[in-house]
Amino acid sequence: MKTEEKRTQCLNCGNTFKGQFCPHCGQKANTKRLQSVELFKNVVSPFVGGDSKVVNTCRDLFVRPGIMVRNYLMGKRARYYNPLQMFVYVITTYAIVSYVLGVSTSIFDEMAELDLGSLDEFKDSASIGFLIRYVNTLHDNKLYGTFFFAFLSVFPYHVFFRTKIQRPDGAMLPLNYTEQFYTQMFHSCLQMMISIILLPVCLIEGAEGILSYIYQIAALVYVVIIYKQLLGIGWMKSTLLNILAIMLTVVLLFVLVVVVLVAAMLIEEAMK
Ligand SMILES: [Zn+2]
């Protein structure tokens, strides 16, 4: 015979309940007094894997990214970090690892010197070369580039990836803008994780060129896998649609940069 579980009052929200977790807010029934061990666990666990959410998110992103994103979008949320939180974790880890290794592509440096060239340079030449350099600098920047590109990809991916997927309630719907953004952000997290793995290799002299190829190819292969698994489409279809969506994103990025630069020029002229 099962013994009756005693009722507990939740220390977080005051709800009275039976069981291991408060059904109202999710807090553990067994909330212990804060001790130095807890302090250590709370600081370290997200980074070393004591936190199962980080382990789940990292492992599933690497091993079966599209299935993981699909699970997340379709409602398996508690076992994973949302992609924005995850992005903060991976970018912090990237910064720490690159700082420890003394790699020059440190995020701190990038924050300090985002050199985009001057407006005068654009006015003088207004050349495609200047624009390409500008767009490249934006895109290569770990901190802004990844996030910015994910944001800009939402519309192109929404245009090309219209495959409907079955929802938990049985409805068949394509991904909406927010779901596309979350998918892109999970891919950004994956890109950052690949960057972290490649960081120690950066220390080898002359490896930078090859590394950048490996990085680009890995990023492309992963986005193809993500949409293949997420939407249940074939390799060919996913590859083709991804190339189209990326091309449209690059076009959008160019248009946006030109609009911003021209606007900045006009404002400068008007101020004179
Ligand atoms: Zn509660």
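**Entry 1: Leu198**

I looked up Leu198 and found that 16 other C-beta atoms lie within 10 Å, so Leu198 is partly exposed. I note that the model is predicted. The place of Leu198 is in helix H9. Leaving aside neighbours within four places in sequence, I found Leu198 in contact with Leu211, Ile214 and Tyr215. I also looked up the pair Leu198 and Tyr215: they are 17 residues apart in sequence, and their C-alpha atoms are 8.1 Å apart in space.

**Entry 2: H9 against H10**

Next I turned to the two helices. H9 and H10 pack with their axes 10 Å apart, at an angle of about 145°. I recorded the crossing of H9 past H10 as right-handed. Which residues of H9 meet H10? On the H9 side I listed Thr183, His187, Leu190, Gln191, Ile194, Ser195 and Leu198. On the H10 side I listed Leu211, Ile214, Tyr215, Ala218, Ala219, Tyr222, Val223, Ile226 and Leu230. Sorted by class, this contact has 12 nonpolar and 4 polar residues, and no charged ones.

**Entry 3: the core**

I then looked up the largest nonpolar core, which has 34 residues. Leu61, Val69, Val90, Phe186, Cys189 and Tyr227 have the most contacts inside this core. Two or more residues each come from helices H2 (52–63), H3 (65–73), H4 (83–101), H8 (142–160), H9 (177–198), H10 (208–231) and H11 (235–271). Which element gives the most to this core? I found that H10 does, with 7 residues. As a general point, nonpolar side chains in soluble globular proteins tend to be buried together.

Apart from neighbours within four places in sequence, Leu61 is in contact with Met68, Phe186, Cys189, Leu190 and Met193.

**Entry 4: the whole chain**

I stepped back to the chain, which has 11 helices and 4 strands. Of its 272 residues, 22% are buried. Taking contacts between residues at least 6 apart in sequence, I found that 58% join residues at least 24 apart.

**Entry 5: H11**

How far apart are the end C-alpha atoms of H11? I found 53 Å, which agrees with the 54 Å that its 37 residues should span at 1.5 Å a residue. The buried residues of H11 are Ser238, Leu241, Asn242, Ala245 and Thr249.

Phe254 is also found in H11. Phe254 has 15 C-beta neighbours inside 10 Å, so I put it down as partly exposed. Not counting residues up to four places away in sequence, Phe254 touches Leu131 and Val135. The C-alpha atoms of Phe254 and Tyr134 are separated by 9.2 Å, although the two are 120 residues apart along the chain.

**Entry 6: two more residues**

Is Ser52 buried or exposed? I counted Ser52 as exposed because it has 10 C-beta neighbours inside 10 Å, and the cut-off for exposed is 12 or fewer. Ser52 lies in helix H2. Between Ser52 and Tyr81, 29 residues apart in sequence, the C-alpha to C-alpha distance is 9.9 Å.

Last I looked up Arg162, in the loop between H8 and strand S3 (165–166). Arg162 and Leu231 are 69 residues apart along the chain, and 9.2 Å separates their C-alpha atoms.

Definitions and conventions: Residues numbered from 1 in each chain as written. Predicted model: local features only at pLDDT ≥ 70, side-chain atom pairs only at ≥ 80, totals over all residues. Core = buried A, V, L, I, M, F, W, Y, C linked by C-beta atoms within 7 Å. Buried ≥ 20, exposed ≤ 12 C-beta atoms within 10 Å, placed from the backbone. Contact = placed C-beta atoms within 7 Å. Axes fitted to C-alpha atoms, helices over the stretch in contact; angles between N-to-C directions. Left-handed = near helix turned anticlockwise from the far one by under 90°. Nonpolar A, V, L, I, M, F, W, Y, C, P; charged D, E, K, R; others polar. Expected span 1.5 Å × (residues − 1).
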